[in-house]
Amino acid sequence: MAEINRLTKDSGFKVVGTRPPRPDGIDKVTGKAKFGADMFAPGMLVGKILRSPHPHAKIRSIDASRAEALHGVKAVVTAADFAEKVPRSHQATLHNIMAHGKALYEGHAVAAVAAIDNATAKKALSLIEVDYEPLPFVIDVEDAIAEDAPLVHEGMITRGMDPKPEKPSNIESACEFGHGDLDAGFAAADIVLEREFRTEASHQGYIEPHACLANYSDDGNSELWCCTQGHFLVRDTTAPLLGIPVSKLRVTASEIGGGFGGKTVIYLEPVALALSRKSGRPVKMVMTRDEVFRATGPTSSSYMNVKIGITKDGRITAADALLFYQSGCYGGFIAQLGAMSAFACYGLDAVRSRGREVVTNRPMQASYRAPGAPIINFAVESLLDELAREINMDPIEFRLKNAAREGDRSSYGPVYDQIGMVRTLETARDHPHYSSPVPAGQGRGVAAGFWFNFGGLTAISLNVNSDGTVTVSVGRPDIGGSRAAMCQMAAEELGIPYENVRCIIADTSSLGFNDTTDGSRTTFANGLAIIEAARAAIKNMCGRAAKMWGIPEDAVAWEDGCAKPSGPNAGDFDPMPISEIARKAPNTGGPIAGHYEVNADGAGVSFGVHIADVSVDAETGRTTVHRYTVVQDAGKAVHPSYVEGQYQGGAVQGIGWALNEGYFYGKDGKMENPGFLDYRMPVASDLPMIEAAIIEIPNKGHPYGVRGVGETSIVPPLATIGNAIRSATGVRMTEVPMSPPALLAQLDGFKQAAE
Amino acid sequence: MVKVVLWGALRDATGGRGEFDMDAPTIHKVIGTLSADYPELEWQLENNVSIAVNGQVYRDAWFVELDPDAEVFILPKLQGG
């Protein structure tokens, strides 16, 4: 079996690697860009959702008659208005968008109304009478796995556990990865440390709430406008939930004000479409910030136990992790990804990671940038930091000694091909930040992280316009600057100016299926498809020139945007630019286009190493980040400013998660901080400029060596900050967020112990 | 023989067995053989897995050719954010 090798160019780029202006910038800063809430339709209604006030309750009955009778109300929907039978993969979504018989968390949708205006819709919600029978509930992950925990789903037996449990529990699934003899590995260690770690849930924090406009026509054809990371996913999930064929629904993706994984899930779209179908009018729905927090998926909270053994000279002999990830009301996949990524940075002979997905009465979890990885990384990298201190070894040298290399078996199973862990560590070690003296009163921390990166289903179309400019249609929403990168790759391959290429996000009726914009896949997968489509168009154009010159097609070459005779024997013709070929296209064979469809594999894993200098105010427990550096492999940075932005953005989100972000629940099972005032995310004034060091180790899976970059940068920050706090204060934080009150409590305890 | 390793949750359908040796020229044949022996696995194998062949991860690539001594890991479907 041949390895995937598509690499055709790793140097001599003319457009790739430059920093042209972003194509969406002007519209975004002038307010012209159309986001999810910016679409309007004649006769449009306002849709609103009635949400459960209880964290867990049977729904005995719903009486919407008074709401339906209110003047201005055009439709009310409940679970009964959706399909009864849906594909297995959509069942959790069906039950999450609208409660079926039971409310599983505070904020769970129970009914929805469409009315002529906001005030009428709100009034209508208050008139819907729901007879609830409150049930015992469970919020915290450790409470959920306790012997006597209330069950979220009656009769649920853990999948993947051997032997299979006999008693139901809140552990939805179990997984295990690893290899080698753990007992022998720990026996061979000179030092073994074992610790418990806990993290609270963190929301993706996108600044744009979920919003959509749905229009169901009498002939069954429907349209949806929504902010999403995957409008094909929206179509293919919404259609079966409403019992309509996929072809009847056309979805257009708006500009998006952040997603980070949280908009790979659907919440409003089927509800809006059901309301539109019932009312016969377009329906617009926009979540409030309160709804975003109470009813959309954050990442998991966790309880973890990690044990690592090392020799006196710093070699890891064994590593073991047990992760309990709280996944909200339905089990997902985040514990699996956490378990797979736990020790992936290191080449280990004896390793085990066990993941447990635990359900609770909280909103269903959703992906958040490298889902699952930052959580376990906090635990593992914190413990490695302690171990390095035990033997007085430099933390980067310690990691280099154990770094995963080509030929090592990964902790999650497959053997590594060429990877960049060593080079990333060496670059961090040699970075001016690391070699600079630590300023007085500050502490320095380091951590490494890993992420998989993906490719996936991709279909694009490239069209040469009559004037020789080019339009590229892609099927993945642009959530991080991919349109600029697409234009650059098309321009590079065609040999034309960047300014002559425009990239649009096409709707679901215009292209084949495209996977969501997640998994750090878009520049990689879309990019390779665009390059292939450009090559197809070039072949077509060379053929046109050959016909016009009367020479064989293989006697024509393409260079700098022109068809040229490939050698002196081909004939003496002036180069024919793309504009001329395009102008003559109607007479030489018709429109000129290229397209490419693929399930792109070969994305390649990536590694990052972060360095942070912090100080801690002993009076308030506040941590100040003074300097922060991200070192990460991009394969080939198509637009370096965007790559730097991805590194910086991931780091900032990780720092916010580390220092302040977390869900607070009251004894009544209700979230107490569903707003940005009390759910404190970093803003620009909180942090220094994040330094971004881009390494380029070409990824053979892409023609230009591109590797995904969007997610790895959120993996190391929690541990980087924790390790820096340890350096600054002597205190090892084992719980996230490491907020001022939490840190102050530890500092006071540390001080008392020292006295 | 191709060595096939299943990740944990899939072993529910195989009575706990996680490793298999088989003649299989492609991933499609691996899936077909496992599905025939363990029908409960079929939906998962067709919809919900990523497959690593000698270290290279594929999400959906039934016709990837396998060397006679290939190592195939059937992993959870990898997703991102």
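In which order do the 5 strands of the open sheet of chain B lie, and what is their pairing?

A: The order is β2-β1-β5-β3-β4 of chain B, and the pairing in this open sheet of 5 strands is mixed. (Strands are DSSP runs of E with at least two residues, helices are runs of H or I with at least four, and both are numbered from the N terminus; two strands pair if DSSP finds at least two bridges between them.) This is a predicted model, in which local features need pLDDT of at least 70 and side-chain atom pairs count only at pLDDT 80 or more, while totals for chains, interfaces and linings use all residues. Residues are numbered from 1 along each chain as its sequence is written, and chains are lettered from A and ligands numbered from 1 in the order in which they are written.

The sheet of chain B ends in the edge strands β2 (19-22) and β4 (56-58), each of which pairs on one side only. On average, neighbouring strands of this sheet are turned by 25° against each other, direction ignored (axes are lines fitted to C-alpha atoms, for helices over the stretch in contact, and angles run from 0 to 180 degrees between N-to-C directions). Within the sheet, β1 (residues 2-6) and β5 (residues 71-76) of chain B run parallel and are joined by 4 bridges, and B:K3 stands opposite B:E71 in β5(B). Strands of a sheet pair through backbone hydrogen bonds, either parallel or antiparallel.

Around this sheet, chain B as a whole has 2 helices and 5 strands, which follow the pattern β-β-α-α-β-β-β along the sequence. Of its 81 residues, 49% count as buried (20 or more other C-beta atoms within 10 Å of a residue's own; 12 or fewer means exposed, anything in between partly exposed, with C-beta atoms placed from the backbone). The radius of gyration of chain B is 12 Å, which agrees with the value near 12 Å that a compact globule of 81 residues would have (it is taken over C-alpha atoms, and the globule rule is 2.2 Å times the number of residues to the power 0.38). Its C-alpha atoms fill a box of roughly 35 × 25 × 15 Å along the principal axes. Among contacts in chain B with a separation of 6 or more, residues 24 or more positions apart account for 52% (two residues are in contact if their C-beta atoms, placed from the backbone, lie within 7 Å).

Chain B also meets chain A, where 37 residues of chain A are in contact with 31 residues of chain B. On the chain A side, strand β7 (residues 171-179) gives the most, with 4 residues, and the residues of that side divide into 14 nonpolar, 12 polar and 11 charged (Ala, Val, Leu, Ile, Met, Phe, Trp, Tyr, Cys and Pro count as nonpolar, Asp, Glu, Lys and Arg as charged, and the others, Gly among them, as polar).

Chain A itself has 21 helices and 27 strands; its radius of gyration of 28 Å is close to the 27 Å that the globule rule gives for 755 residues, so chain A is as compact as a globular protein of that length. The buried share of these 755 residues is 58%, and of the contacts in chain A between residues at least 6 apart in sequence, 80% join residues at least 24 apart.

Strand β21 (residues 562-565) of chain A is joined to β22(A) by 2 bridges, and the bridge partner of A:A563 in β22(A) is A:M576.

Elsewhere in chain A, strand β16 (residues 443-451) is mostly covered, with 9 of its 9 residues buried. It runs antiparallel to β24 (residues 606-616) of chain A, with 9 bridges between the two, and A:V446 has A:I611 as its bridge partner in β24(A).
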